[in-house]
Amino acid sequence: MSKKVHLVLGSGGARGIAHIAVIEELEKAGYKIIEVIGCSMGAVVGGIYAAGHLKDYKEWIFNLNKERVFDLLDFTFTKQGFVKGEKLFAQHIEVTGQEQIDKFSIPFTAVATDMRHHKEVHFTKGDLYKALRASASIPGFFVPVVEDGMVLVDGGVLNPLPIDLVKKQKDAIIVAVNLNGKADPKFDKKEEQETDTLDEVQEWFDDVLPDFLRPNSKTKSKAELPAKEESFSLIELMDTTFNFTQDRLTDRIIELYKPDYLIEIPRNACGVFDFDEGKRIYDIGKEAYRKVLGSDTVV
């Protein structure tokens, strides 16, 4: 008999590409995934896997470059966010087609957060892409999904690694993938590296601001400008704050709901929008899997 697995996939932006490697390694080793619960990018990868389209999605991700990633960000300028998200998820639908969660052979749950009612929302049926769009709506970045009286944002706000939702079968194990693992110095960004997508998002944001609000506005005299900018930009501050919150919540969740196997991806493995680094992040996921579960089959 193959070992059965409840698979929990956490939130963490582009680091979620590592989830693809973990799923493939589990199947290669003979494990049978009997349930997938995902948050944010974990919901995206997990939902597409449960729908049977992971191979196509992986191929699409691996062919993204920095320009294509930036082009998928349909910028807007509202009080709720500055990326609509419609263009990005329309591309997901083009890759895999329309899907209904109810029809999956593998039970799937996507976790989002309802800001209006201060609670988690668990999508276990209905349109897959509505669920994914809500689950992956990083607050401040993506415009929330407003539906049925709810204002839905990223599930990572309340539950970045939803192990607590597993109803464990006696003959199964829980494998959880945490995308907010301890930082690894080897992934620290070097000054000479080219700017990442988050930097380009900040540049767009600066361009749409009025001149007097821009950090290096020509309306300011040289005397008014700092000799060296040491503070976080607005985009960096939003990203870092959200990551810190997810780190702390994830630690608490793991303490309370210990999975049988915990696979961790360093939080500094890549930036939140660095989907152009797909192959590198995939390899990080494969290495992280093998550190925990090895490469031997269980059948």
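A residue is called buried when its relative accessible area is under 20%, and exposed when that area is over 50%. The legends below use these words for close-up views of a predicted model.

**Figure 1. Helix α2, a helix of buried residues.** In this view of the predicted model, 10 of the 10 residues of α2 are buried, so the helix is largely enclosed by the rest of the structure. The buried residues of α2 can be followed from M41, G42, A43, V44 and V45 through G46, G47, I48 and Y49 to A50. Just after α2 comes G52, which takes a positive phi of about 90 degrees.

**Figure 2. The largest cavity and its lining.** A search of the whole structure finds two cavities of 30 Å³ or more, and the largest cavity holds about 260 Å³ of space. This cavity is lined by 20 residues, and those that lie nearest its centre are M41, L88, F142, F273 and F275. M41 is also one of the buried residues of α2, and α2 (41-50), α3 (54-62) and α5 (86-96) each supply at least two residues of the lining. Sorted by class, the lining of the largest cavity has 17 nonpolar residues, three polar residues and no charged ones.

**Figure 3. The second largest cavity and its lining.** The second largest cavity has a volume of about 40 Å³. Its lining is made up of S11, G12, G13, S40, I138, D154, F242, N243, Q246 and V272, and the largest share of this lining, three residues, comes from helix α8 (residues 234-256). By class, the lining of the second largest cavity divides into three nonpolar, six polar and one charged residue.

Figure 4. The buried residues of α9 are G278, I281, Y282, I284, G285, A288, Y289 and L293. Seen down the axis of α9, these buried residues fall within an arc of 155 degrees, so they line one face of the helix. On the other side of α9, K279 and K291 are exposed.

Figure 5. About 160 Å³ of space lies in the second largest pocket. The residues that line this pocket are D184, K186, F187, E264, I265, P266, I284, E287, A288, K291 and V292. Both β8 (261-266) and α9 (278-293) supply at least two residues of the lining, and α9 gives the most, with five residues. Two residues of the lining, I284 and A288, are among the buried residues of α9, whereas K291, which also lines the pocket, is exposed. By class, the lining of the second largest pocket has six nonpolar and five charged residues but no polar ones.

Figure 6. Most residues other than glycine have a negative phi. H118, however, has a positive phi near 55 degrees and is not a glycine. H118 lies in the loop between β3 (108-114) and β4 (119-123), where it is exposed, with a relative accessible area of 68%. D148 is also not a glycine, and it has a positive phi of about 50 degrees. The place of D148 is in the loop between β5 (145-147) and β6 (150-154), and at 69% relative accessibility D148 counts as exposed.

How values were computed
Residues numbered from 1 in each chain as written. Predicted model: local features only at pLDDT ≥ 70, side-chain atom pairs only at ≥ 80, totals over all residues. Heavy atoms only, no water. 1 Å grid on protein atoms, 1.4 Å probe; cavity = no way out; pocket = protein on both sides within 12 Å on 5 of 7 lines; lining within 4 Å. Points joined across faces, edges and corners; volume = space filled by probe spheres on them. Helix = DSSP H or I, 4+ residues; strand = E, 2+ residues; numbered from the N terminus. Nonpolar A, V, L, I, M, F, W, Y, C, P; charged D, E, K, R; others polar. Buried < 20%, exposed > 50% of the residue type's maximum accessible area, 1.4 Å probe, protein only. Arc of directions from axis to C-beta.
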